[in-house]
Structure formats: structure tokens, C-alpha cells
Amino acid sequence: MNPFSSGTRLRDMIRAIRASKTAAEERAVVRKECAAIRAAISENDQDYRHRNLAKLMFIHMLGYPTHFGQMECLKLIASPGFPEKRIGYLGLMLLLDERQEVLMLVTNSIKQDLNHTNQYIVGLALCALGNIGSAEMARDLAPEVERLLKFRDPNIRKKAALCSIRIIKKVPDLAENFINPAAALLSEKHHGVLITGVQLCIDLCKISTEALEYFRKKCTDGLVKLMRDLANSPYALEYDISGITDPFLQIRLLRLLRALGQDDADASDAMNDILAQVATKTESNKNAGNAILYECVAAIMSVEDNGGLRVLAINILGRFLSNRDNNIRYVALNMLMKALAVDSQAVQRHQTTILECVKDSDPSIRKRAVELVYLLINESNVKLMTKELIEYLEASDPEFRGDLTAKICSIVEKFSPEKIWYIDQMLKVLFEAGNDVKDEVWHSLIVVITNASNLHGYAVRSLYRAVQAVGEQETLVRVAVWCIGEYGDMLVNNAGRLDIEEPLTVTESDAVDVVETSFKGHSFDLTTRAMCLIALLKLSSRFPSCSQRINDIIVQNKGSFVLELQQRAIEFNSIIERHQNIRPSLVERMPVLDEATHSGRKAGSVPAAVSTSQGVSVNLPNGVAKPSAAPLVDLLDLSSDDVPAPSSSGGDFLQDLLGVDLVPVSSQSGTNQAQKSGTDVLLDLLSIGMPPAISSPSTTQVSPSNVDTKSPVDLLDRLSSPSAPSVQVSTTAGSSPMLDLLNGFPSSPPIAVTEGNGPAYPSIVAFESSSLKLTFNFSKQHGDPQTTLIEASFTNKSQEVLTNFIFQAAVPKFLQLHLDPASGNMLPANSNGSITQKLKLTNSQHGKKSLVMRIRIAYKVNNKDILEQGQVNNFPRDL
């Protein structure tokens, strides 16, 4: 019976699916056909089985599930006829893969077909095994495949060789069984069998060192002869492609020769002549010839050293770079990158052509060429190559600038012959593509400038010219602003002028103009604008005539919506207006930054933590003695918690840092004397430190000199909470300038000591404002001195009820804080009630560091949100 005589034929189903105008119509057609196929499968319809499987394969290619038809493949494979087996094997390869358990059921059928008398059925079985054979199937059927490598028909031998490749990849242990049969295939005359035999030998060499040594000894000469015959063979119509005899076979032979010649001098010597012949006689005006030349170059680069051959191979790659085909240029660049490790001098001869590839319109070629140029550069050619790259940077595409600038900056930093050249090249990069430069680059540039004391004037003048010419490159503006702030006086006075410089006249007002313009640039981010404010503060000291103008610029930002700028403006305005005596010390030039440390941190080899070792003081360039590291560690709390607090006073350290004399303030003589060390003052300044220890029962009375006792804390804009515990303030002539800077931060209250019963911890008023009062009561658990239990009591002093009351607190990392829920969220008016909340503080540095806490209290008054915050630094010392 003709199976296509009735029912829906495959072509009719395809036509119906293609005629569907919507996805829903297509799904309906597929569902209808799948239902019919299921019905036929359940009825065991043998007449239309192979037609139904053909339909299933088409439906599978459309992406619909067809797992219900897998068993039909096995039934067709078991059929005796070739047409059924052909459809069955095709369905097997399409509908199943090696992970399917069903595949194990077909192993016996494939084994029977491998032994079939019909060579076409044998070919079907080999194709199926070569495409989806699993490791188990490979072990079971390897003997049959090995036998078929000697089959009389060349097509079967070819398919058996391809099937053998899959078997040895799935089961490498079977590779030794195929060494001799594979070697026998290399003497074949049929090119189809020969090319598969060569590929089998290549894979055997990758898997088995035994096979590699065998082929080196037994097959190298035969392969060289075969390659020579192909290269010198006359025109053969059957194998000719663009005038070249069987380029596919030549490429496979070259790959096998490369594997045999690698790390073997004898095999390399045997093939040198044929490699030279192929490299010189193969035509390069056709794609087939270029493919052979590329493989020949790869073989030459892999075999043992032969200088003349390698120069010839690199010259071929140089010709490839001039080819109009993008693919040829790309593979040439890839091969040149590998050739650099073998013969860099020969590659250097083609640097002009490689630089041209950097300007190619194809982005893949540009990227690869830049990577190759980066590898080509050394101390002898760095100036020329960098010049070419920077010139191209001007015309490069925006999306390519990021990679290009990163490479240029890395090259300049790595091979810079002198600092002036480094500065010039980095300025050119910042000038052309400053917005594409990473932060590490301009950080490094500043480090280099600070270390080149003879180039400070040259650098600041060059930056001034650059930022005047192009002011939209943000990274350039940052470096320029930093240098103008540091070396603005050298810019105005033309100090340190070099012979190569052109004369430049800059007034103090011009320098301030540049910084002001940069600060007002709307496209610049917060970092740049903050750097501008710092530069203005420094210029206010360097340019006294412009001090008032600079102060006016700073005052304009005291109401800035950006908190960082607002805080800086308030603090800098206070320094300019009220602290003239210490301003020069605060804004003196930065010490020289250590290049080695900076480079190490960039590379990740130097930890960022500050060392706590007690070393010899190093004299810094600005004349300030470098202090021991321990006070700084304790100051910034950067060290681990087990670093002990320094026993000596930090006054000398702070005196060096700020350039002022610290006069200790005492309340009484003898045992009742209390001193506030310089370290403690700076801790208060940064709002991260500890309060001083006071042994006197009386409260220390401190007042800043020459300041109205009723004035607020102007310098840090009331950084200390307005509700901090009050201190009796009186005018004292001997007050220190440092305390004047801080406008008299409050001191810690005394600790009451009762004899015999140990220390008693008095209650403190932790916070007080016009509407709120916060009291802390302390207690400790027996045997746990590190843990302090605090009961916070909140009282409402105002006439209005406070609702939605929330208390929050934060502590430094050496403290651990736990807050229990508050007793309520509403505070009655007129102190008629209170809210209590319990806190638990654990001090890992007990006995070394005192408690400190930042608090924030939020509540509502008449549906209006109120937020109050402050710092509690008057905890009893021994907590």
C-alpha cells in the first residue's frame, strides 16, 4: 500500500501551517495533527508510521513537544526496509539526544545494522552513532566501528572514521584501539577518507600521548610527502577550488603537522622545507589560499625554533593586515598577538600597519589592534606609539574612547621615561577624553605631580592653559583645581618656569576665576564642586587680596540644598572670618604623597589600614614631622579593636597637624587638675572621638577667648547638638586657640565615687531642647564590666502633646547597641508623663575608650514632623 495515498500528507500539513495567519491558528493545526498521530500510534498503524514520524519531526522543528513519538523511532529502526530505517534514524537523531534513557533501547538495533549486508543501512547506523552516541553506546559498539574502518566501500570508511572521533571523545580509554587503523587511513587515495583519517589522527594526538609519539615516528615523513604532492599537484577538476588542489585537506594536514612538530626537534626539521614551500608558493589573492597560509603560519609558530621561517610567517601576517577583508585582518591580529611571545622583533617591523588597524572602521579590529599595540610597546618605542594613539584619540568614536584611554594611561604609567613626559601625555589624554578616564588615573597624576617638586609650576601652568581651552572635561578640571589650590602662588608668580614654556601672565583674580567657573559648572558632580570649595579656601590664604571675594563665593553656598556643600561652606566661612591665625597652617601645601604606597594600593599589595608600628619619624617635605601611627589609628578608629590607646598625650600630634600651640586648660591644681589633650580636641572636631577623663568632682569651666559667650558654635554649624549638656562658660584669657576653633565643646561631667561600695554612676541629662529632655540612668550586670544597661527617660517640656515619638541611636564600631521597644509613642505636655526605653551597650574597648553616642528623635506636633538630633559625649568615664 502507498502510505501517502490517504490521510493528510506531510506537504499538506506544511501548507496548512504556513497558511495560518495567527499563532492560534497554527497551534490549532498542530494540535489537530498531533491528535491524529497519537490516534495512529495507539492503533499501531504500521502503514503510515513513517509519514507520522516525518510530521512529528517538522512539528519538533517548530518548537512543539513531540516526546510521545520517540518510541515510533525505535519501531521504524527495527523495520527491515531501508525507507523506514532512514526515517527512523533521522527521527532518532532529531528527536532524541544522548541524555535520553530511551536511547539505550536502540543500541542492539544499531549493532545489528552495523553488521548489515546493505552498506546504506550500515551508513545510517554509523551516522546515528556518530551524532548521538553516548559513552555506554561507544563502549558497546567500538569493535564494530573499528572493523568498519577497513570496509571495502570508501564512504563507509569515511563515516566510520567520523564515528571513531566521537567514540574516543566520549571514552578516551578506547583511543589506543584506533591508533593503527587511523595510521592506515593516512595512506588512502580517496580524499574523503583521507581528510577524515587526518582529523581522527589530530584528535588522537590531543587525547593520547602514546598516539602522538606513534604518529611522530611512523607518519611524519608520509604526511610531508602527501603535503608536497598536494602543493605540487597539477590541476584536478574533482578537488580544485580557486586553482588550489583540495584546500580542506591541506589545512587538515597542516594542523596535524603542527601537532606533531610541537616540542619535537626531529619532526620539526622534517617538515621545515614543506612549510617554507607552502608559505612561498601558495597564492594569497584567493580566500582558499589565505586559509592555507594562515594554517601554515600557525604551524610555523608552533614547531621548534627556525628564525627564518618565523620571519617569513610574520611577514605573511603583515600582508594579511593590508587585506580588504575584515576577517583576514582580524585573524592576522590574533596570530600576531601569539607571535609576540615567539619573535617580538619581527612583529615590531609591522607596527605602522598595526597602528593603521587602530583606526579601522570595524570595532572588533580596533579593539584587537589596541590590545596588540599595548603588547608591542616598550621603552624604545613608547614615545612614538603613544603619540600616534593620542592623535587618534582626537578622532575616535565615543564608544571606543573608554578602552583606548585606559590603554594609553596604562602605557604612559608603565613606560614613562621621565616625569615631565608623563605629565604632558596625561594632560593630553585628559584634554581629549577626560570624561572617559577612571579615577585611579587622575589620582596617580596628582601623586606624580606632588613628587616632582621642580615641575610644580610647569604642571599648574599647563593645567591652567588646558582648562582655559576646554573646560568640559571633568577629570581635567579636578586635577587643575587641585593644583591651582596647592600651587596657585607659583601660577601667579611664574615660579619654576622651564625653558620650554611659553610666557604666561596670570593674575590672582584670573586664578580665582577658573576655580569659580568650574564650581558653577552645572555638568560637574559633587566631588568636583567640593574640590573647588577646598581650592578656594586655600587660595583665600595664598591670595589675601582676593580673600573677601572668595568668602563671598563660599557664603553663597551656606544655604545649598546639597548637604556636603552646605557643610563645607559653613565651616570654610567660619575659618576665613573668625580664625585667621590658624588658617595658614590649615591650608598649607599637602605633604608629598608616597608613589610606592599609592602604586601598591592600586595593585592591591598594600593594605589600606594604617600601621600601628612605632617607627622612626620621617621628615616630610613641608617640614612637618610625621607622628607615630598609633594616635591616628585611634583617632579615626581604622584599626582593629585590640589596638591599645596611646598612653601619651596627643597634643604634639595635633600641634604638628594644625600648626598651633595647645595650652592645657586646668580647673584646679594638684590632684584636681584636668587637662584636655590635643587628640581629644581633634576627636571632638571630627565627631568620632572620646571625651576627656576628668578626675575632679567639680565641672570644668572653659570659654573661648575673644568670643561672645552667647554665640553659637559657628565653625561646624552646631555639629555638637544644641541640646547637649550645658556648661558654665566664662571668659578666660588663657584659652587655647584650638578650643577657640571649636567654640568650647562641653566637657564630661564628674564621676562620683563612694568609698567601699565602688563607683556609682550618676544620672546624666543626655539631651535637652526647648521641648524635650532626655535623661540616662545607668546600671551594670555583676561580673560583666563591658556591658552597660541604660534606661532612657523622655519628658515633654512644651505645651503641646508630642505624637508618633521615635528614638534612634548610633555608636562607633567598637560599641554594640541593642534597643528595646519604647514604653509608648505619645508624650503628654507640661512634663505630666514620660516615655522610657531600655538600651544595652557593650564596650569591646572597656577601659581604653569611653562611650559615645549619636541620637535622633522624631515626633509630630500638631501633625507637623519634627526631627531633633545630637551627640552624647558626657557618659561617665568608667562605663
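Is N863 buried or exposed? N863 is exposed, with a relative accessible area of 70%. Exposed means over 50% relative accessible area, buried under 20%, and partly exposed in between (1.4 Å probe, protein chains only).

1. Basis. This is a predicted model, where local features need pLDDT of at least 70, side-chain atom pairs count only at pLDDT 80 or more, and totals for chains, interfaces and linings use all residues. Residues are numbered from 1 along each chain as its sequence is written, and side-chain values use heavy atoms, with hydrogens and water left out.

2. Residue N863. Look in the loop between β11 (853-861) and β12 (864-872). Helices (H or I, at least four residues) and strands (E, at least two) are DSSP runs, numbered from the N terminus. Phi of N863 is near 65 degrees, a positive value in a residue other than glycine. Most residues other than glycine have a negative phi.

3. Residue D263. The loop between α14 (247-261) and α15 (265-281) holds D263. Its phi is near 65 degrees, again positive in a residue other than glycine. D263 counts as exposed, at 65% relative accessibility.

4. Helix α13. Residues 220-232 form this helix of 13 residues. From first C-alpha to last it reaches 18 Å, close to the 18 Å expected at 1.5 Å a residue. The expected span is 1.5 Å times one less than the number of residues.

5. Faces of α13. T220, L223, V224, L226, M227 and L230 are buried.
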